[in-house]
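Have the model open as you read.

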Amino acid sequence: MMGDTHRESLSILRHYFKLGLKTTIAALRIHTFEGNTKISDQTAQNWFKLFKKGHQTFEIKYRSRGSATANHEELKGNVEQNSPTVTPKLAR
């Protein structure tokens, strides 16, 4: 569930979108005048894209990132055997 402060910020952001402001200016105004620093430029850009597509709701769909499991002993052994091994190879 989204907090009221975040919902209010998105409402203000949508208002700025309707006024035709650029995302960076809208985010800056929210930071400056509303005192809310939770809306980053990237967040403003993402929401502006949704507004352009016609989205009227402020509900966020959270994505599942899957489970992160690791065998620490196996990773430690791989690092000790081949110290120059790069992290992406170990992540496989």
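Start at Phe 48, which has 5% relative accessibility and so counts as buried (buried is under 20% relative accessible area, exposed is over 50%, and partly exposed is in between, with a 1.4 Å probe and protein chains only). Before going further, keep in mind that this is a predicted model, where local features need pLDDT of at least 70, side-chain atom pairs count only at pLDDT 80 or more, and totals for chains, interfaces and linings use all residues. Residues are numbered from 1 along each chain as its sequence is written, and side-chain values use heavy atoms, with hydrogens and water left out.

For the terms: rings of Phe, Tyr and Trp (its six-membered ring) pair if their centres lie within 6.5 Å, and planes under 30 degrees apart are stacked, over 60 edge-to-face, and the rest tilted. Phe 48 and Phe 51 sit 3 residues apart in helix α3, about one helical turn. Helices here are DSSP runs (H or I, at least four residues), numbered from the N terminus, while strands are E runs of at least two.

Phe 48 has another partner: with Phe 17 it makes an edge-to-face pair, 5.1 Å centre to centre and 75° between the planes. Phe 17 belongs to helix α1 (residues 4-19) and Phe 48 to helix α3 (residues 41-52), so this pair ties together parts that are 31 residues apart in sequence. Phe 17 itself is partly exposed, at 23% relative accessibility. Ring pairs join Phe 17, Phe 48, Phe 51 and Trp 47 into a cluster, and the structure holds 4 aromatic pairs.

What are the buried residues of α3? They are Ala 44, Trp 47, Phe 48 and Phe 51. Looking down the axis of α3, they fall within an arc of 105°, so they line one face of the helix; the arc is taken from the directions from the helix axis to the C-beta atoms. Just past α3, Gly 54 adopts a positive phi of about 100°.

One more ring is worth a look. The charged end of Arg 29 sits over the ring of Tyr 16, 5.7 Å from its centre (that takes NZ of Lys or CZ of Arg within 6 Å of the ring centre and within 35 degrees of the ring normal).

Zooming out, the chain has 5 helices and 0 strands, and buried residues make up 20% of its 92 residues.
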